[in-house]
Amino acid sequence: MPEVTQGKQGNQGTITPLRVVIALCLFAPFVAMLWVSSYAKTEPLFAGIPFFYWYQMLWVLISTALTMVAYKLWQLDQRARKGGDAR
Amino acid sequence: MKDGVNGVALAVFIFFFLAVTVMGFLASRWRRAENENSLDEWGLGGRSFGTWVTWFLLGGDLYTAYTFVAVPALIYTAGAAGFFAVPYTILVYPLIFTFLPRLWSVSHKHGYVTTSDFVRGRFGSKGLSLAVAVTGILATMPYIALQLVGIQAVLDVMGVGGGEDTHWFIKDLPLLIAFGVLAAYTYSSGLRAPALIAFVKDTLIYIVIAVAIIYIPIKLGGFDEIFAKAGEAYAQTNEATGKPRGSLVPGDAGQWTYATLALGSALALFMYPHSITATLSSRSREVIRRNTTILPLYSLMLGLLALLGFMAIAAGIQVKNGQLAIPQLFETMFPDWFAGVAFAAIGIGALVPAAIMSIAAANLFTRNIYKDFIKKDATPAQETKVSKLVSLLVKVGALAFVLTMDKTVAINFQLLGGIWILQTFPALVGGLFTRWMHRWALLAGWAVGMIYGTVAAYGVASPTQKHFGGHSTEIPGIGEIGYIGLTAFVLNLVVTVVLTFVLKAVKAPEGVDETSPSDYTADAGDKGVQTEMPKLGADTH
């Protein structure tokens, strides 16, 4: 949902590099997961599990890490703006 | 399969069931507030839950017994297509990270209990609010019914309730008892009961999955062996369709379906009233953001759980009804006592969401139908009373549904419910970020989405059903097979945008917005709630 992310930035006023990184962190899982043909295959196996399955399970961990990064950056962003114009 | 009652498993099951029943009734004393007779207390647990309680509550709420039974069941019957639940739950969290804190803030500021409350406040439109409320109630009812289907599956495998030839009353008695108890403690304790029971439910589920994912593959000769056997099974021709039963990896034709289902379901999940109820019960805005970073643990569990579907095939489980595959796998592979633990996990896994869903539906009725249209001057005590009664009615309705109609009816309605609830997205999430859209345009978009979705779903045939045979059909203009809900959602958006231009051009009345921009970033502070975060710039008073 790119429009949601962008809409958020619009409401918050300025687009800073930090906010772009936050948006990318949140947007990356959508690209990875909706691009099904990039992972619809059996090889390589991992511990006997086809690629299709372990790759998506791996993305649970990757997207969690990305959301955590986004969360930490967001905290930084809000602190920087303390008393500022965060609407 | 019906080889008599499994006594040990049943005893363990009953033990856990009794334990959570006691907890359910005691829950009303947990974090008790001074004013019990308000909807904030009964229906939102006093809006007091911290990070961990919210985590258990949301986890217990979203990952239901039906999920545990249905996801592996889908893998068992069709293979890769059933795994869409994993990308679906991956996409949910970045999505809610962006909009849920805003909903929390504005609801906290204005005392909103339901999504319809917000829509009414934002757009000044009772009609739009009613549309959202009715959609929410319609989508939730079959979901509650499906929780019962989950309990039934477990009872069946344990040999309780007997076969087809048993008298109907004896057959349904265990379900009636389970449901009666659930209704009683939800009535007396409100949201606190499922919040407390969710601890037990999730602990049991995590233990069962951890054991299953290690123990069963060892017994079956490792994952190589499991996937090899599953691959063979999928390659065999399905007599009903004349095509292979399924596949280990989605083919070219299935990829659009896979992606649209994942995206559409992710967009829909937090439109469901019960997800919002669990969200609004949290103590602060930060609790929600923090939860989006720890909730994915459930997605990992769901992925592992899905793999059980392959194990059921490899273990040679043969069931006509896919829903029974996993309970049957547990019964076959585990020692009796542990099978009892696993069944208890699924059974309790049905009680928690059923309780939250009935509370959420009751809140919608009370706030957005009863108070808005029937008795405008209702006091908080009256609201609570009505909500309690409606939560009972909703459950009785779901029970009647399951007992009188075929299971497939509940599943069909659940399918439709997902399509329907997605149509409230533009009003709710759109409304959180912008007030550009016109209230009448939103209402029209919603109606178009609902009608298209229902008609399209009606037109899908499957080998076993003439109508409502699936969730996907050809996307007009693209020609690929995609999730009906998402197509309807896109139509809905297009209609909303076009009509907004038109209505603005003719200067149709906009309706009063009772919220202000700062409400959407306000954190706890108004009502003496503590927060660990520095306050945001534009502060609340």
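Reader: Which residues in α12(B) meet which ones in α16(B)?
Author: In this predicted model, P273(B), H274(B), T277(B) and A278(B) are the residues of α12(B) that take part, and they meet P353(B), I356(B), M357(B), I359(B), A360(B), A361(B), N363(B) and L364(B) in α16(B).

Reader: And by class, how many are nonpolar, polar or charged?
Author: The contact of α12(B) with α16(B) has 9 nonpolar and 3 polar residues, and no charged ones.

Reader: At what angle do the two helices pack, and how far apart are their axes?
Author: Helix α12, residues 273–280 of chain B, and helix α16, residues 336–374 of chain B, pack at about 90°, with 8 Å between their axes. The pair therefore counts as roughly perpendicular, since angles of 65 to 115 degrees fall in that class.

Reader: Switching to chain A, what is the peptide bond from E43(A) to P44(A) like, cis or trans?
Author: That bond is cis, with omega near -10°, and P44(A) sits in the loop that links α2 (17–34) and α3 (51–80) of chain A.

Reader: What about phi of A47(A), positive or negative?
Author: Phi of A47(A) is positive, near 50°, in a residue other than glycine; A47(A) lies in the loop between α2 and α3 of chain A.

Reader: Is A47(A) buried or exposed, and why?
Author: A47(A) counts as exposed because it has 9 C-beta neighbours inside 10 Å, where the cut-off for exposed is 12 or fewer.

Reader: Back in chain B, where is K507(B), and what is its phi?
Author: K507(B) is in the segment after α21 (484–505) of chain B, and its phi is positive, about 55°, although K507(B) is not a glycine. With 7 C-beta neighbours inside 10 Å, K507(B) counts as exposed.

Definitions and conventions:
Residues numbered from 1 in each chain as written. Chains lettered and ligands numbered in written order. Predicted model: local features only at pLDDT ≥ 70, side-chain atom pairs only at ≥ 80, totals over all residues. Axes fitted to C-alpha atoms, helices over the stretch in contact; angles between N-to-C directions. Helix = DSSP H or I, 4+ residues; strand = E, 2+ residues; numbered from the N terminus. Parallel < 35°, antiparallel > 145°, perpendicular 65-115°, else oblique. Contact = placed C-beta atoms within 7 Å. Nonpolar A, V, L, I, M, F, W, Y, C, P; charged D, E, K, R; others polar. Buried ≥ 20, exposed ≤ 12 C-beta atoms within 10 Å, placed from the backbone.
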